[in-house]
Amino acid sequence: MKIGIKGIHRVSATATVALTAGAVIAGSAFASTAQAATLPVPTIAAKGGYVMNNGTASTLYSKAADTRRATGSTTKIMTAKVVLAQTNLNLDSKVTIQKAYSDYIVAKGASSARLIVGDKVTVRQLLYGLMLPSGCDAAYALADKFGTGTTRAARVTSFIGKMNASAKSLGLTNTHFDSFDGISNGSNYSTPRDLTKIASSAMKNSTFRSVVKTKSTTQKVTTSNGGYRYMSWTNTNKLLGSYTGAIGVKTGSGPTAGYCLVFAATRDGKTVIGTVLASTSETTRTADAKKLMDYGFSK
(Lines give C-alpha, C1' and ligand atoms only; values in the text may rest on other atoms or scores of the structure.)
Protein backbone atom coordinates (compact mmCIF):
# COMPACT_ATOMS: atom_id res chain seq x y z
CA MET A 1 0.00 0.00 0.00
CA LYS A 2 2.82 2.35 0.84
CA ILE A 3 4.32 1.79 -2.58
CA GLY A 4 0.96 2.52 -4.16
CA ILE A 5 0.54 5.69 -2.21
CA LYS A 6 4.03 6.80 -3.16
CA GLY A 7 3.20 6.03 -6.74
CA ILE A 8 0.11 8.15 -6.56
CA HIS A 9 2.16 10.97 -5.07
CA ARG A 10 4.67 10.74 -7.89
CA VAL A 11 1.97 10.86 -10.52
CA SER A 12 0.35 13.83 -8.81
CA ALA A 13 3.68 15.68 -8.67
CA THR A 14 4.29 15.05 -12.34
CA ALA A 15 0.81 16.17 -13.21
CA THR A 16 1.28 19.26 -11.11
CA VAL A 17 4.52 20.11 -12.94
CA ALA A 18 2.81 19.53 -16.28
CA LEU A 19 -0.14 21.68 -15.30
CA THR A 20 2.17 24.41 -14.00
CA ALA A 21 4.21 24.37 -17.19
CA GLY A 22 1.02 24.51 -19.21
CA ALA A 23 -0.22 27.44 -17.17
CA VAL A 24 3.07 29.30 -17.74
CA ILE A 25 2.88 28.70 -21.49
CA ALA A 26 -0.75 29.73 -21.57
CA GLY A 27 0.05 32.77 -19.45
CA SER A 28 2.88 33.79 -21.77
CA ALA A 29 0.64 33.42 -24.80
CA PHE A 30 -2.01 35.52 -23.07
CA ALA A 31 0.56 38.17 -22.20
CA SER A 32 1.78 38.32 -25.80
CA THR A 33 -1.78 38.65 -27.01
CA ALA A 34 -2.43 41.40 -24.48
CA GLN A 35 0.69 43.28 -25.52
CA ALA A 36 -0.30 43.10 -29.18
CA ALA A 37 -3.87 44.19 -28.53
CA THR A 38 -5.16 47.50 -29.79
CA LEU A 39 -5.20 50.19 -27.12
CA PRO A 40 -8.54 51.62 -26.03
CA VAL A 41 -9.77 54.54 -28.15
CA PRO A 42 -8.15 57.60 -26.55
CA THR A 43 -9.89 60.68 -25.24
CA ILE A 44 -8.33 63.94 -26.43
CA ALA A 45 -8.78 67.57 -25.42
CA ALA A 46 -8.77 68.77 -29.05
CA LYS A 47 -12.13 69.42 -30.70
CA GLY A 48 -11.00 67.61 -33.83
CA GLY A 49 -8.53 64.85 -34.57
CA TYR A 50 -7.56 62.40 -37.27
CA VAL A 51 -4.87 59.76 -37.71
CA MET A 52 -4.07 57.55 -40.68
CA ASN A 53 -1.56 54.93 -41.68
CA ASN A 54 0.67 56.90 -44.05
CA GLY A 55 1.53 53.82 -46.09
CA THR A 56 -2.01 52.60 -46.74
CA ALA A 57 -3.97 55.85 -46.18
CA SER A 58 -6.34 53.87 -43.95
CA THR A 59 -8.08 55.76 -41.16
CA LEU A 60 -6.91 54.81 -37.65
CA TYR A 61 -8.77 57.45 -35.60
CA SER A 62 -11.37 60.10 -36.28
CA LYS A 63 -13.02 62.83 -34.19
CA ALA A 64 -14.92 65.58 -36.02
CA ALA A 65 -12.41 64.88 -38.79
CA ASP A 66 -14.35 66.75 -41.47
CA THR A 67 -15.40 69.78 -39.43
CA ARG A 68 -13.89 72.98 -40.82
CA ARG A 69 -11.76 74.90 -38.34
CA ALA A 70 -9.13 77.63 -38.28
CA THR A 71 -5.69 76.09 -38.66
CA GLY A 72 -3.22 78.68 -37.40
CA SER A 73 0.34 78.13 -38.59
CA THR A 74 -0.30 74.55 -39.71
CA THR A 75 -1.25 76.48 -42.87
CA LYS A 76 2.50 76.80 -43.47
CA ILE A 77 2.67 73.12 -44.45
CA MET A 78 0.90 74.12 -47.65
CA THR A 79 3.11 77.20 -47.99
CA ALA A 80 6.18 74.94 -48.00
CA LYS A 81 4.51 72.40 -50.26
CA VAL A 82 3.75 75.04 -52.91
CA VAL A 83 7.31 76.37 -52.80
CA LEU A 84 8.79 72.89 -53.17
CA ALA A 85 6.48 72.13 -56.11
CA GLN A 86 7.89 75.00 -58.20
CA THR A 87 9.37 74.01 -61.56
CA ASN A 88 13.17 74.15 -61.68
CA LEU A 89 13.33 75.19 -58.04
CA ASN A 90 16.77 76.34 -56.88
CA LEU A 91 16.86 75.97 -53.12
CA ASP A 92 20.10 77.93 -52.98
CA SER A 93 18.76 81.01 -54.76
CA LYS A 94 18.77 84.06 -52.51
CA VAL A 95 15.90 86.27 -51.45
CA THR A 96 16.54 89.80 -50.17
CA ILE A 97 14.56 90.47 -47.00
CA GLN A 98 12.26 93.47 -47.46
CA LYS A 99 11.07 95.98 -44.86
CA ALA A 100 7.50 94.99 -45.71
CA TYR A 101 8.09 91.55 -44.17
CA SER A 102 9.25 92.93 -40.82
CA ASP A 103 6.53 95.60 -40.83
CA TYR A 104 3.98 92.82 -41.30
CA ILE A 105 5.30 90.91 -38.29
CA VAL A 106 5.05 94.00 -36.10
CA ALA A 107 1.58 94.93 -37.35
CA LYS A 108 0.20 91.41 -36.82
CA GLY A 109 2.09 90.55 -33.64
CA ALA A 110 3.08 87.44 -35.55
CA SER A 111 5.58 84.66 -34.88
CA SER A 112 8.91 85.49 -36.44
CA ALA A 113 12.13 84.00 -37.79
CA ARG A 114 13.73 87.37 -36.89
CA LEU A 115 14.82 88.00 -40.45
CA ILE A 116 16.89 91.18 -40.89
CA VAL A 117 15.99 93.69 -43.61
CA GLY A 118 18.60 93.67 -46.38
CA ASP A 119 19.92 90.18 -45.61
CA LYS A 120 20.08 87.72 -48.48
CA VAL A 121 18.61 84.40 -47.36
CA THR A 122 18.37 81.26 -49.47
CA VAL A 123 15.05 79.58 -50.22
CA ARG A 124 16.21 76.55 -48.25
CA GLN A 125 16.98 78.74 -45.24
CA LEU A 126 13.60 80.44 -45.54
CA LEU A 127 11.96 77.00 -45.37
CA TYR A 128 13.74 76.36 -42.08
CA GLY A 129 12.68 79.81 -40.86
CA LEU A 130 9.14 79.02 -41.93
CA MET A 131 8.76 75.59 -40.37
CA LEU A 132 10.91 75.65 -37.20
CA PRO A 133 10.19 78.99 -35.45
CA SER A 134 7.05 79.36 -37.60
CA GLY A 135 8.26 82.62 -39.10
CA CYS A 136 5.48 84.62 -40.74
CA ASP A 137 8.21 86.87 -42.14
CA ALA A 138 9.69 83.83 -43.88
CA ALA A 139 6.23 82.91 -45.18
CA TYR A 140 5.77 86.42 -46.57
CA ALA A 141 9.20 86.31 -48.24
CA LEU A 142 8.40 82.98 -49.92
CA ALA A 143 4.97 84.13 -51.10
CA ASP A 144 6.50 87.28 -52.53
CA LYS A 145 9.24 85.26 -54.23
CA PHE A 146 7.08 82.53 -55.75
CA GLY A 147 3.88 84.38 -56.59
CA THR A 148 3.52 86.10 -59.95
CA GLY A 149 2.65 89.73 -60.63
CA THR A 150 4.12 93.20 -60.90
CA THR A 151 3.28 94.22 -57.33
CA ARG A 152 3.89 92.54 -53.99
CA ALA A 153 0.15 92.38 -53.33
CA ALA A 154 -0.43 90.68 -56.67
CA ARG A 155 2.34 88.16 -56.04
CA VAL A 156 0.97 87.29 -52.61
CA THR A 157 -2.54 86.86 -54.04
CA SER A 158 -1.10 84.66 -56.77
CA PHE A 159 0.76 82.51 -54.26
CA ILE A 160 -2.33 81.98 -52.13
CA GLY A 161 -4.11 80.98 -55.33
CA LYS A 162 -1.45 78.31 -55.83
CA MET A 163 -2.11 77.05 -52.30
CA ASN A 164 -5.80 76.65 -53.06
CA ALA A 165 -5.07 75.03 -56.42
CA SER A 166 -2.83 72.52 -54.66
CA ALA A 167 -5.60 71.69 -52.17
CA LYS A 168 -8.01 71.19 -55.04
CA SER A 169 -5.55 68.90 -56.85
CA LEU A 170 -5.51 66.70 -53.74
CA GLY A 171 -9.30 66.45 -53.90
CA LEU A 172 -9.82 68.40 -50.69
CA THR A 173 -13.26 69.99 -50.42
CA ASN A 174 -13.08 71.33 -46.86
CA THR A 175 -9.94 73.43 -47.16
CA HIS A 176 -9.49 77.06 -48.18
CA PHE A 177 -6.59 79.45 -47.72
CA ASP A 178 -6.78 83.23 -47.60
CA SER A 179 -3.25 83.76 -46.23
CA PHE A 180 0.27 82.43 -46.67
CA ASP A 181 0.80 81.90 -42.93
CA GLY A 182 -2.55 81.15 -41.27
CA ILE A 183 -3.25 84.68 -40.03
CA SER A 184 -6.73 84.58 -41.48
CA ASN A 185 -8.72 87.28 -43.18
CA GLY A 186 -11.88 85.35 -42.38
CA SER A 187 -11.82 82.34 -44.67
CA ASN A 188 -8.72 80.31 -43.86
CA TYR A 189 -9.81 76.84 -42.79
CA SER A 190 -9.24 73.13 -43.10
CA THR A 191 -10.11 69.91 -41.26
CA PRO A 192 -8.09 67.28 -39.42
CA ARG A 193 -8.52 64.86 -42.34
CA ASP A 194 -7.58 67.42 -44.99
CA LEU A 195 -4.54 68.72 -43.13
CA THR A 196 -3.33 65.17 -42.62
CA LYS A 197 -3.61 64.55 -46.36
CA ILE A 198 -1.74 67.78 -47.13
CA ALA A 199 1.04 66.79 -44.75
CA SER A 200 1.18 63.25 -46.14
CA SER A 201 1.62 64.66 -49.63
CA ALA A 202 4.25 67.17 -48.47
CA MET A 203 6.22 64.42 -46.70
CA LYS A 204 6.88 62.78 -50.07
CA ASN A 205 9.40 65.59 -50.68
CA SER A 206 12.83 64.85 -49.19
CA THR A 207 13.61 68.51 -48.48
CA PHE A 208 10.34 68.92 -46.60
CA ARG A 209 11.05 65.78 -44.55
CA SER A 210 14.54 67.01 -43.69
CA VAL A 211 13.28 70.41 -42.56
CA VAL A 212 10.34 69.29 -40.40
CA LYS A 213 12.30 66.63 -38.49
CA THR A 214 15.00 69.16 -37.49
CA LYS A 215 14.95 70.15 -33.81
CA SER A 216 17.21 73.18 -34.27
CA THR A 217 19.52 74.71 -36.82
CA THR A 218 22.03 77.51 -37.23
CA GLN A 219 22.21 79.04 -40.69
CA LYS A 220 24.82 81.39 -42.15
CA VAL A 221 23.17 84.20 -44.11
CA THR A 222 24.62 87.05 -46.15
CA THR A 223 24.16 90.59 -44.83
CA SER A 224 23.38 93.67 -46.91
CA ASN A 225 27.03 94.82 -46.80
CA GLY A 226 28.36 91.49 -48.05
CA GLY A 227 29.31 90.08 -44.68
CA TYR A 228 27.46 87.32 -42.90
CA ARG A 229 25.57 86.52 -39.73
CA TYR A 230 24.27 83.33 -38.11
CA MET A 231 20.57 82.72 -37.58
CA SER A 232 19.55 80.10 -35.01
CA TRP A 233 16.08 78.55 -35.07
CA THR A 234 14.45 75.99 -32.78
CA ASN A 235 11.48 73.86 -33.77
CA THR A 236 8.23 74.62 -31.93
CA ASN A 237 7.22 70.95 -32.30
CA LYS A 238 7.90 69.43 -28.86
CA LEU A 239 7.33 65.88 -30.15
CA LEU A 240 10.80 65.91 -31.69
CA GLY A 241 13.10 64.33 -29.14
CA SER A 242 10.27 63.48 -26.74
CA TYR A 243 8.38 60.87 -28.76
CA THR A 244 10.25 57.89 -30.17
CA GLY A 245 10.16 57.93 -33.95
CA ALA A 246 8.74 61.47 -34.32
CA ILE A 247 9.56 62.95 -37.74
CA GLY A 248 7.45 66.16 -37.86
CA VAL A 249 5.37 68.03 -38.78
CA LYS A 250 4.06 71.50 -37.69
CA THR A 251 2.48 73.38 -34.82
CA GLY A 252 -0.13 76.10 -35.03
CA SER A 253 -2.07 78.36 -32.69
CA GLY A 254 -4.26 81.41 -32.59
CA PRO A 255 -7.23 83.04 -30.87
CA THR A 256 -9.67 81.24 -33.16
CA ALA A 257 -7.61 78.16 -33.98
CA GLY A 258 -6.71 77.24 -30.41
CA TYR A 259 -3.70 74.93 -30.29
CA CYS A 260 -3.08 72.75 -33.33
CA LEU A 261 -0.53 70.13 -34.28
CA VAL A 262 0.08 68.07 -37.38
CA PHE A 263 2.26 65.13 -36.38
CA ALA A 264 4.00 62.08 -37.79
CA ALA A 265 6.16 59.26 -36.48
CA THR A 266 7.72 56.08 -37.81
CA ARG A 267 8.26 52.85 -35.85
CA ASP A 268 9.24 49.45 -37.22
CA GLY A 269 8.61 50.58 -40.77
CA LYS A 270 5.12 51.92 -40.04
CA THR A 271 4.38 55.64 -40.28
CA VAL A 272 1.34 57.18 -38.66
CA ILE A 273 0.39 60.76 -39.49
CA GLY A 274 -2.38 62.93 -38.15
CA THR A 275 -3.75 66.22 -36.90
CA VAL A 276 -5.33 67.71 -33.81
CA LEU A 277 -7.18 71.02 -34.10
CA ALA A 278 -8.47 73.31 -31.37
CA SER A 279 -6.75 71.71 -28.41
CA THR A 280 -6.62 73.65 -25.15
CA SER A 281 -2.91 74.40 -24.70
CA GLU A 282 0.57 73.68 -26.01
CA THR A 283 0.86 70.87 -23.46
CA THR A 284 -2.45 69.23 -24.33
CA ARG A 285 -1.92 69.35 -28.09
CA THR A 286 1.35 67.45 -27.61
CA ALA A 287 -0.32 65.01 -25.20
CA ASP A 288 -3.21 64.56 -27.64
CA ALA A 289 -0.81 63.77 -30.47
CA LYS A 290 1.12 61.23 -28.37
CA LYS A 291 -2.09 59.45 -27.40
CA LEU A 292 -3.22 59.28 -31.01
CA MET A 293 0.12 57.99 -32.28
CA ASP A 294 0.28 55.35 -29.54
CA TYR A 295 -3.19 54.27 -30.54
CA GLY A 296 -2.32 54.32 -34.24
CA PHE A 297 0.75 52.16 -33.73
CA SER A 298 -1.28 49.65 -31.70
CA LYS A 299 -3.73 49.04 -34.55
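These are my notebook entries on a predicted model of one protein chain.

**Entry 1: the whole chain**

I began with an overview. I counted nine helices and nine strands in the protein chain. I then looked up burial, and buried residues make up 48% of the 299 residues. The accessible surface comes to about 14000 Å², and carbon and sulfur atoms hold 55% of that surface. I also checked contacts between residues at least 6 apart in sequence: 63% of these join residues at least 24 apart.

**Entry 2: the five-stranded sheet**

In what order do the strands of the open sheet lie? I read β2-β1-β9-β8-β7, with antiparallel pairing. The edge strands are β2 (59–63) and β7, each of which pairs on one side only. From one strand to the next, the twist averages 5 degrees.

Four bridges join β1 to β2, and Tyr50 has Ser62 in β2 as its bridge partner.

**Entry 3: helix α7**

Is α7 mostly covered or mostly open? I found it mostly covered, with nine of its eleven residues buried. Among them are Pro192, Asp194, Leu195 and Ile198. The buried residues of α7 pack against several elements, including β1 (48–53), α2 (76–84) and α8 (206–212).

**Entry 4: Gly254**

I stopped at Gly254, which has its place in strand β7.

**Entry 5: aromatic rings**

How many aromatic pairs does the structure hold? I counted six. Tyr140 and Phe180 form a stacked pair, 5.1 Å centre to centre and with 25 degrees between the planes. This pair links distant parts of the chain: Tyr140 is in helix α5 (residues 136–146), Phe180 is in the loop between α6 (152–169) and α7 (192–202), and the two are 40 residues apart. Both Tyr140 and Phe180 are buried.

Why is the pair of Tyr228 and Tyr230 edge-to-face? The ring centres of Tyr228 and Tyr230 are 5.7 Å apart and the planes stand at 80 degrees, so the pair is edge-to-face; the cut-off for that label is over 60 degrees. Tyr228 and Tyr230 are exposed.

I also found a cluster, in which ring pairs link Tyr101, Tyr104, Tyr140 and Phe180.

**Entry 6: a hairpin, and charges over rings**

Last, I turned to strands β5 (residues 216–222) and β6 (residues 228–234). They run antiparallel and are joined by seven bridges, and Ser216 stands opposite Thr234 in β6. Their hairpin has five residues between the strands, and Gly226 in this hairpin takes a positive phi near 90 degrees.

Elsewhere, the charged end of Lys145 sits over the ring of Phe146, 5.9 Å from its centre.

Methods. Residues numbered from 1 in each chain as written. Predicted model: local features only at pLDDT ≥ 70, side-chain atom pairs only at ≥ 80, totals over all residues. Heavy atoms only, no water. Pairing = 2+ DSSP bridges. Phe/Tyr/Trp six-rings, centres within 6.5 Å; stacked < 30°, edge-to-face > 60°. Buried < 20%, exposed > 50% of the residue type's maximum accessible area, 1.4 Å probe, protein only. Lys NZ or Arg CZ within 6 Å of the ring centre and 35° of its normal. Contact = heavy atoms within 4.5 Å. Areas by Shrake-Rupley, 256 points an atom, 1.4 Å probe, with all protein chains shown as cover. Axes fitted to C-alpha atoms, helices over the stretch in contact; angles between N-to-C directions.
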